[in-house]
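Please keep the sequence and the structure in view while reading.

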Amino acid sequence: LTLSLHDALPISHTSWEFFVDRNPIRWENGLVKVGKYQEDVVTVTRKLVNTGGQALSYSLDGIPAWVRVYPLEGLISPGASEEITFVFDNTLSFGIYSDTIQAVTPLGNEPLALYCRVMCPAPDWEFDPTAYSGSMNFTLKLDIEGTLSTDEEDILAAFIDGELRGLAKVQLLPTLPPVGTQYRVFMTVFGDPEDDGKPITLDIWDASTCLRYVDLIESFDFEIDNVIGTVGNPTVLHTNNLIRRDIALNTG
């Protein structure tokens, strides 16, 4: 087979660039991720492992002020490991903390991401759904002061005549496109036939701000076997800038 110059196939040029990490020091189990309430003290451990054939020193750098870490330095024998302890105290105010520390070694640095979310306790919402003979279902999104909730600690509560009748958290639907962006609330509200037609009061607990929103813009009446919203077309609930705070008062 003979190819003339005019028959030559076009040649595409492709190049690759590789980063080779030859440092035998490794963090085992990776990311430190903690969720806790303000009053809790949480301790987490990770191991620095030496997979090489010689003893190597390490020191930890970039430790943020919101976590206690020890030991901060040491020497790891070949094939051995060092357990590193991370302590998240009860002095942290609620909010989200994140940073990355480095294990500095003679052969390079090994990063470790730290994440801590400090939450205040949600309202003490509990009820017995088996006490009721009927129910209706909601598929919803929560719009909290203009922002759609993507926080799986946010809670929606439903009340009839001041009694808790429904409870649900925000949840991610991991396979619904666009993947990783679709959050819904699936809530069942319980009641009896005599509750038909009664108004449902809805409250939203915003975990990121520790605020309880009441008197939402949308309102519904209880109707046994009724369905509000679908996965593809959820009903959106909007807060109304009204917040409830419960303040305990001493006698007198």
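This is a predicted model: local features need pLDDT of at least 70, side-chain atom pairs count only at pLDDT 80 or more; totals for chains, interfaces and linings use all residues.

**Pairing of β12**
- Strand β12 is joined to β15 by five bridges, and the two strands run antiparallel.
- Six bridges connect β12 with strand β13, which spans residues 163-172, and this pair likewise runs antiparallel.
- The strands β12 and β13 make up a hairpin with two residues between them, and in the turn Asp-161 has a positive phi of about 55 degrees.

**Burial of β12**
- Strand β12, residues 155-160, is largely enclosed by the rest of the structure, because six of its six residues are buried.
- In a regular strand, side chains alternate between the two faces of the sheet.
- In β12, Ile-155, Ala-157 and Phe-159 point one way while Leu-156, Ala-158 and Ile-160 point the other way, and all of these residues are buried.

**Negative patch on the surface**
- A patch of negative charge on the surface brings together Asp-196, Asp-221, Glu-223 and Asp-225.
- Asp-196 lies in the loop that runs between β14 (183-191) and β15 (199-206).
- Asp-196 counts as partly exposed because its relative accessibility is 42%, a value that falls between the cut-offs of under 20% for buried and over 50% for exposed.

Key:
Residues are numbered from 1 along each chain as its sequence is written. Side-chain values use heavy atoms; hydrogens and water are left out. Patches are made of residues with over 30% relative accessible area and no salt bridge: like charges are joined within 9 Å, nonpolar side chains (Val, Leu, Ile, Met, Phe, Trp, Tyr) within 5 Å. Accessible areas come from the Shrake-Rupley method with a 1.4 Å probe; for residues, only the protein chains shown count as cover. A salt bridge is a side-chain nitrogen of Lys or Arg within 4 Å of a carboxyl oxygen of Asp or Glu. Lys and Arg count as positive and Asp and Glu as negative; His and the chain ends are not counted. The place of a charge is taken as NZ of Lys, CZ of Arg, CG of Asp or CD of Glu. Helices (H or I, at least four residues) and strands (E, at least two) are DSSP runs, numbered from the N terminus. Buried means under 20% relative accessible area, exposed over 50%, partly exposed in between (1.4 Å probe, protein chains only). Two strands pair if DSSP finds at least two bridges between them.
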